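Q: Please take a close look at the part of this structure that surrounds the ligand, and then connect that part to the rest of the chain.

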Amino acid sequence: MSEPLLQAVNLECERDERLLFQNLSFSVMPGTVTRIEGPNGTGKTTLLRILAGLNDAWSGELLWCGEPRAWHRESFLRNMLYLGHRPGIKPLLTPMENLRALMAGRRTVSDDILSQALAGTGLAGFENVPCRNLSAGQQRRVALARLLIADEPLWLLDEVFTAIDADGVKAIEELLQQRAAEGGAVLVTTHHDLQLPGMKRITLGGGQSYEC
Ligand SMILES: Nc1ncnc2c1ncn2[C@@H]1O[C@H](COP(=O)(O)OP(=O)(O)OP(=O)(O)O)[C@@H](O)[C@H]1O
């Protein structure tokens with residue numbers, strides 16, 4: 001049996017003296033998609049940011065490939081892709097420029113590959129239009145094009161279905177399953193009724209529970 005990519009042990013997080021979660025333990029195995037769910041304000045984004053290393057207001061333990069994440073910070077950051085709930089797109093830059101910026105510090109990707117990724121998210125013909133002239137869903141698609149050129153095994157995705165139409169939702173669902181089938185792992189927060197075969201769940205809020 002393969003070892004977990006990421007393990008959370010007794011995570012606890014408080015915000016403004018309000019306990020969001022405690023005794024939260026789960027393992028993220030290769031080949032899995034896990035949905036983090038729960039009502040508004042229960043800590044889904046906070047948990048995802050803690051897992052991504054973007055929030056340090058927590059206690060407990062996080063293990064990356066069986067060892068403390070802090071010991072392998074570089075390897076963790078290189079192998080993890082985080083997309084936040086805001087698309088993070090610069091309005092004055094074009095989709096090509098934004099996608100290039102999203103790849104910065106990772107690896108060099110040719111313009112052909114970037115164009116193909118944008119076309120893959122339905123943005124053919126919009127490659128060189130300033131993003132401020134695109135719709136909310138199109139701007140989200142610029143960020144989602146990042147998934148089409150991602151080689152990171154662990155994806156942490158916050159509300160990636162927001163503003164996306166039905167065909168786009170289906171395409172993203174397929175991408176998540178594909179990443180899992182390739183031996184990666186995906187954690188995704190969403191209010192969209194995501195139902196994938198074999199999907200794991202982390203439920204926050206009053207009915208805190210884990211099926212991982
Ligand atoms: N920067 C912050 N400072 C203090 N409290 C915060 C901060 N960000 C979020 N919170 C609080 O933490 C709690 C959890 O917020 P979080 O965004 O993680 O919830 P969520 O489950 O993702 O919500 P939603 O479903 O609305 O996106 C909320 O009560 C929120 O007010």
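A: Helix α1 (residues 44-52) contributes the most to the shell around the ligand, with 3 residues. Here helices (H or I, at least four residues) and strands (E, at least two) are DSSP runs, numbered from the N terminus. This is a predicted model, in which local features need pLDDT of at least 70 and side-chain atom pairs count only at pLDDT 80 or more, while totals for chains, interfaces and linings use all residues. Residues are numbered from 1 along each chain as its sequence is written.

The residues around the ligand are Arg-15, Asp-16, Leu-20, Gly-38, Asn-40, Gly-41, Thr-42, Gly-43, Lys-44, Thr-45 and Thr-46. A residue is near a molecule or strand if its C-beta atom, placed from the backbone, lies within 6 Å of it. By class, this shell holds 1 nonpolar, 7 polar and 3 charged residues. In this division, Ala, Val, Leu, Ile, Met, Phe, Trp, Tyr, Cys and Pro count as nonpolar, Asp, Glu, Lys and Arg as charged, and the others, Gly among them, as polar.

Helix α1 also lies across strands β1 (6-15) and β2, and runs at about 130° to β1. Axes are lines fitted to C-alpha atoms, for helices over the stretch in contact, and angles run from 0 to 180 degrees between N-to-C directions. Two residues are in contact if their C-beta atoms, placed from the backbone, lie within 7 Å.

Strands β1 and β2 belong to an open sheet of 4 strands, whose order is β2-β1-β4-β5, with antiparallel pairing. Its edge strands are β2 (18-28) and β5 (67-68), each of which pairs on one side only. Two strands pair if DSSP finds at least two bridges between them. Strand β4 (residues 59-64) pairs with β5 in the antiparallel sense over 2 bridges, and Leu-63 stands opposite Pro-68 in β5.

As for the whole chain, the division is into domain 1 (1-79 + 154-212) and domain 2 (89-151), with bounds that come from an automatic or database domain assignment. The C-alpha centres of domain 1 and domain 2 lie 24 Å apart. Their contact takes 9 residues from domain 1 and 8 residues from domain 2. Helix α6 (residues 166-181) gives the most to the side of domain 1 that touches domain 2, with 3 residues. By class, that side of domain 1 has 6 nonpolar, 2 polar and 1 charged residues.
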